[in-house]
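Please examine the sequence and the three-dimensional structure shown below before reading the report.

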Amino acid sequence: MQGLNSLGISVDAIITIPLVRAVQTAEIVQDGLLSSGRLMTSGDLAPTGDPSRLIDHLSVESSAASSVMIVGHEPYLSGLISVLVTGDREPVVRLNKGALCKLQVPDPRYGRCGWIGWFLTPKQMVKLG
């Protein structure tokens, strides 16, 4: 968390897949960030979940929260990033366990509506502190 805090990263809300390990990870992040927001779960983050419903949820959340962190699993997250960046579910990035990707999505909707702000591997985060 020190690395994230050294970059000044804070979130207004965290949405996680409702699985024990993912919720535990989200709680660790929530406790460790300088200013973290509320924690929510969404079944739409599951591999069988509906990305369009998740994006609708994000659209509602973005009106109340300027930054939302999503904690989930692969390959769902890479597909979600791809939908928001390119409009296609074919992954443009591959998230390794523990990776962090910041998306800029001013108007969340299903399809191309944002861009990648930055991407950090777990090794890079360790080097940050």
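## Basis of the report

The structure is a predicted model. Every description below therefore concerns that predicted model.

## Helix α2

Helix α2 covers residues 20-32. Its 13 residues should span 18 Å at 1.5 Å a residue, and this agrees with the 18 Å between its end C-alpha atoms. Which residues of α2 are buried? They are A22, V23, A26 and V29. These residues lie on the same side of α2, because they cover an arc of only 120° around the axis.

An α-helix has 3.6 residues a turn, so residues three or four places apart point the same way.

## Helix α3

Helix α3 is formed by residues 51-64. Its 14 residues reach 20 Å from the first C-alpha to the last, which is close to the 20 Å expected at 1.5 Å a residue. The buried residues of this helix are P51, L54, I55, L58 and E61. Because these residues cover an arc of only 120° around the axis, they are on the same side of α3.

Against what do the buried residues of α3 pack? Their partners are the strands β1 (13-16), β2 (38-41) and β3 (68-71), together with helix α4 (76-86). On the other side of α3, the residues R53, V60, S63 and A64 are exposed. S62 also belongs to helix α3, and it counts as partly exposed because its relative accessibility is 30%. The C-alpha atoms of S62 and P108 are 7.8 Å apart, although 46 residues separate the two along the chain.

Helix α4 is mostly covered, with 10 of its 11 residues buried. The buried residues are Y76, L77, S78, G79, L80, I81, S82, V83, L84 and V85. Among the elements that cover them are helix α3 and the strands β3, β4 and β5 (115-120).

P75 is placed in the loop between β3 and α4, and the peptide bond from E74 to P75 is cis, with omega near 5°. Just after α4, G87 takes a positive phi of about 90°.

S42 is located in the loop between β2 and α3. Is this residue buried or exposed? S42 is buried, because its relative accessible area is 6% and the cut-off for buried is under 20%. Leaving aside residues up to four places away in sequence, S42 touches I15, T16, I17, P18 and L54.

V68 is found in strand β3. Its relative accessible area of 27% makes it partly exposed, since that class lies between 20% and 50%. With residues up to four places away in sequence not counted, V68 touches A13, I15, L58 and E61. V68 and P51 are 17 residues apart in sequence, and their C-alpha atoms are 16 Å apart in space.

## The largest pocket

The largest pocket holds about 1600 Å³ of space. How many residues line it? The lining consists of 48 residues, of which M69, I70, A99, L100 and C101 lie nearest the centre of the pocket. By class, 30 of the lining residues are nonpolar, 14 are polar and four are charged.

Several elements contribute to this lining. At least two residues each come from α1 (2-6), α2, α3, β3, α4, β4 (100-104) and α5 (122-128). Helix α5 also contains K123, which counts as exposed because its relative accessibility is 68%. K123 and A99 are 24 residues apart in sequence, and 8.8 Å separates their C-alpha atoms in space. A99 is one of the residues that lie nearest the centre of the largest pocket.

Technical notes: Residues are numbered from 1 along each chain as its sequence is written. This is a predicted model: local features need pLDDT of at least 70, side-chain atom pairs count only at pLDDT 80 or more; totals for chains, interfaces and linings use all residues. Side-chain values use heavy atoms; hydrogens and water are left out. Helices (H or I, at least four residues) and strands (E, at least two) are DSSP runs, numbered from the N terminus. The expected span of a helix is 1.5 Å times one less than its number of residues. Buried means under 20% relative accessible area, exposed over 50%, partly exposed in between (1.4 Å probe, protein chains only). The arc is that of the directions from the helix axis to the C-beta atoms. Contact means heavy atoms within 4.5 Å. On a 1 Å grid over the protein atoms alone, a cavity is a set of points where a 1.4 Å probe fits but cannot get out, and a pocket is an open set with protein on both sides within 12 Å along at least five of seven lines; lining residues have an atom within 4 Å of a point. Grid points are joined across faces, edges and corners, and a volume is the space filled by probe spheres set on the points. Ala, Val, Leu, Ile, Met, Phe, Trp, Tyr, Cys and Pro count as nonpolar, Asp, Glu, Lys and Arg as charged, and the others, Gly among them, as polar.
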